[in-house]
Amino acid sequence: MIIPFDDNYFMKKALQEAEAAYSKGEIPIGAVVVVQNRIIARAHNLTETLNDVTAHAEMQAITAAANYLGGKYLIDCTLYVTIEPCQMCAGALYWSQISKIVYGARDEQRGCINMETKLHPKTKMIGGVMEAESSEILKRFFIEKRNLN
């Protein structure tokens with residue numbers, strides 16, 4: 001039996017956001033926030049567009065989800081993001097009290113795991129969902145960037 005709304009389904013939606021970032025020349029990271037199998041926020045990196053180092057996909061998604069819910073806490077929500085959150089985003093996710101984070105690829109250099117950033121005690125984190133696809137778009141982006149310079 002196929003489950004229509006599983007982690008792969010929502011990660012595909014996050015990957016669509018990463019593609020939108022890619023098409024704008026942004027580092028291709030995408031995110032969606034889900035509650036009760038319903039997407040309430042979609043976002044992608046906008047650091048170049050907004051000239052803002054804090055405009056990561058996760059930060060944009062947190063703000064959009066909080067606005068949708070009418071409150072700052074994302075309890076019972078799941079963030080799907082194409083790469084492991086960085087320390088800044090993990091800190092914001094801590095304060096949002098998000099229930100679950102599902103990421104695609106690890107970020108060995110800047111990710112919250114190697115940086116030992118604490119998540120909220122009630123937050124669960126799962127990695128490696130559609131990891132190959134999440135890694136591929138980042139590799140493609142940086143290869144293209146190097147070839148243009």
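Helices (H or I, at least four residues) and strands (E, at least two) are taken here as DSSP runs, numbered from the N terminus. The model shown is predicted, so that local features need a pLDDT of at least 70 and side-chain atom pairs count only at pLDDT 80 or more, whereas totals for chains, interfaces and linings use all residues. Residues are numbered from 1 along each chain as its sequence is written, and side-chain values use heavy atoms, with hydrogens and water left out.

**View 1**
Leu15 belongs to helix H1, which covers residues 7-23. With a relative accessibility of 12%, Leu15 counts as buried, a term that stands for under 20% relative accessible area, while exposed stands for over 50% and partly exposed for values in between (1.4 Å probe, protein chains only). When residues up to four places away in sequence are not counted, Leu15 touches Thr82, Met130, Glu133 and Ser134, where contact means heavy atoms within 4.5 Å. Leu15 and Val32 lie 17 residues apart in sequence, and their C-alpha atoms are 9.3 Å apart in space.

Helix H4 spans residues 87-96, and within it Cys89, Ala90, Ala92, Leu93 and Ser96 are buried. Seen down the axis of H4, these buried residues fall within an arc of 160 degrees, so they line one face of the helix; the arc is that of the directions from the helix axis to the C-beta atoms. The buried residues of H4 pack against helix H3 (57-69), strand E3 (78-83) and strand E4 (100-105). Just after H4 comes Gln97, with a positive phi of about 60 degrees, although Gln97 is not a glycine. Gln97 lies in the loop between H4 and E4 and is partly exposed, with a relative accessible area of 27%.

**View 1. Gln36 in the loop between strands E1 and E2.**
Gln36 is placed in the loop that runs between strand E1 (30-35) and strand E2 (38-44). Gln36 has a positive phi of about 50 degrees, although it is not a glycine, and at 77% relative accessibility Gln36 counts as exposed.

**View 2. Aromatic rings around Phe5 and Tyr9.**
The structure holds 7 aromatic pairs, in which rings of Phe, Tyr and Trp (its six-membered ring) pair if their centres lie within 6.5 Å, with planes under 30 degrees apart counted as stacked, over 60 as edge-to-face and the rest as tilted. Ring pairs link Phe5, Tyr9, Phe10 and Tyr80 into a cluster.

**View 3. Arg140 over the ring of Tyr22.**
The charged end of Arg140 sits over the ring of Tyr22, at 4.7 Å from the ring centre; a charge is taken to sit over a ring if NZ of Lys or CZ of Arg is within 6 Å of the ring centre and within 35 degrees of the ring normal.

View 4. Cys77 counts as buried at 0% relative accessibility, and Thr78 is buried with a relative accessible area of 14%. Residues up to four places away in sequence aside, Cys77 touches Val33, Val34, Val35, Ile40, Leu69, Ile98, Ser99 and Lys100. Counted in that way, the contacts of Thr78 are Val32, Val33, Val34, Ile98, Lys100 and Val102. Cys77 and Ile101 are 24 residues apart in sequence, with a C-alpha to C-alpha separation of 8.7 Å.

**View 5. Ala65 in helix H3.**
Ala65 has its place in helix H3 and counts as buried at 0% relative accessibility. Leaving aside neighbours within four places in sequence, Ala65 is in contact with Val33, Ile40, Ala41 and Leu74.

The largest pocket has a volume of about 530 Å³. On a 1 Å grid over the protein atoms alone, a pocket is an open set of points where a 1.4 Å probe fits, with protein on both sides within 12 Å along at least five of seven lines, and lining residues have an atom within 4 Å of a point. Grid points are joined across faces, edges and corners, and the volume is the space filled by probe spheres set on the points. Of the 19 residues that line the largest pocket, Ile27, Ile29, Ile83, Asp107 and Arg110 are the closest to its centre. Helix H2 (47-50) and helix H5 (131-148) are the elements that give two or more residues to this lining, and H5 gives the most, with 4 residues.
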